[in-house]
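Take a look at the fold below. This report follows the side chains packed inside it.

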Amino acid sequence: MVKILVVDDEIEACNALKEFLVVKGHEVYTAQDGKTALDNVQKLRPQLVLLDMIMPGMNGMEVLKGIKKIDPQIGVIMVTVVTNEAQAKKALELGAYDYITKPVDLNYLDNVVMVKVLDYLK
């Protein structure tokens, strides 16, 4: 079982992703803001974080930087409604594992999570 943190300011998005991932056998936690996300990363040490790019207060890029300071091995998948190649490239440069757009293709997400899990287990 993999520990995953879903971070999105939209509670419905968090719950939908959590429900999907729990059915797949993962241990899933949620956070609706950047500070809570970083606190949870520090406390829970998830193997994977699904991180919304656009949130009030601390945005996804700031949270990504914070996660990588806490533990560079944590996989971070950026999730956003905005398709922006420059932003995607910047997220990957900062250490994000992948960058996916909303609405999330659950089959793609499942594949990305499985690849990251296998990578983590090596």
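This is a predicted model: local features need pLDDT of at least 70, side-chain atom pairs count only at pLDDT 80 or more; totals for chains, interfaces and linings use all residues.

Leaving aside residues up to four places away in sequence, Ile 67 touches Leu 38, Val 41, Val 49, Leu 51, Ile 74 and Val 76.

Ile 67 belongs to the largest nonpolar core, which has 21 residues. Ile 67 is among those with the most contacts inside this core, along with Val 7, Val 49, Leu 51, Val 76 and Met 78.

H3 supplies the largest share of the core, four residues. In soluble globular proteins, nonpolar side chains tend to be buried together.

Now turn to Asn 40. Asn 40 sits in helix H2. Its relative accessibility is 11%, so Asn 40 counts as buried. Beyond residues up to four places away in sequence, Asn 40 touches Leu 5, Thr 30, Ala 31, Arg 45 and Pro 46.

Helix H1 comes next. H1 covers residues 11-23 and has 13 residues. From first C-alpha to last, H1 reaches 18 Å, close to the 18 Å expected at 1.5 Å a residue. Ala 13, Cys 14, Leu 17, Phe 20 and Leu 21 are buried in H1. Seen down the axis of H1, the buried residues fall within an arc of 140 degrees, so they line one face of the helix. The face turned away from that buried side carries the exposed residues Glu 12, Glu 19 and Val 23. After H1 comes Gly 25, with a positive phi near 95 degrees.

Methods
Residues are numbered from 1 along each chain as its sequence is written. Side-chain values use heavy atoms; hydrogens and water are left out. A nonpolar core is a set of buried Ala, Val, Leu, Ile, Met, Phe, Trp, Tyr and Cys residues joined through side-chain atoms within 4.5 Å. Buried means under 20% relative accessible area, exposed over 50%, partly exposed in between (1.4 Å probe, protein chains only). Helices (H or I, at least four residues) and strands (E, at least two) are DSSP runs, numbered from the N terminus. Contact means heavy atoms within 4.5 Å. The expected span of a helix is 1.5 Å times one less than its number of residues. The arc is that of the directions from the helix axis to the C-beta atoms.
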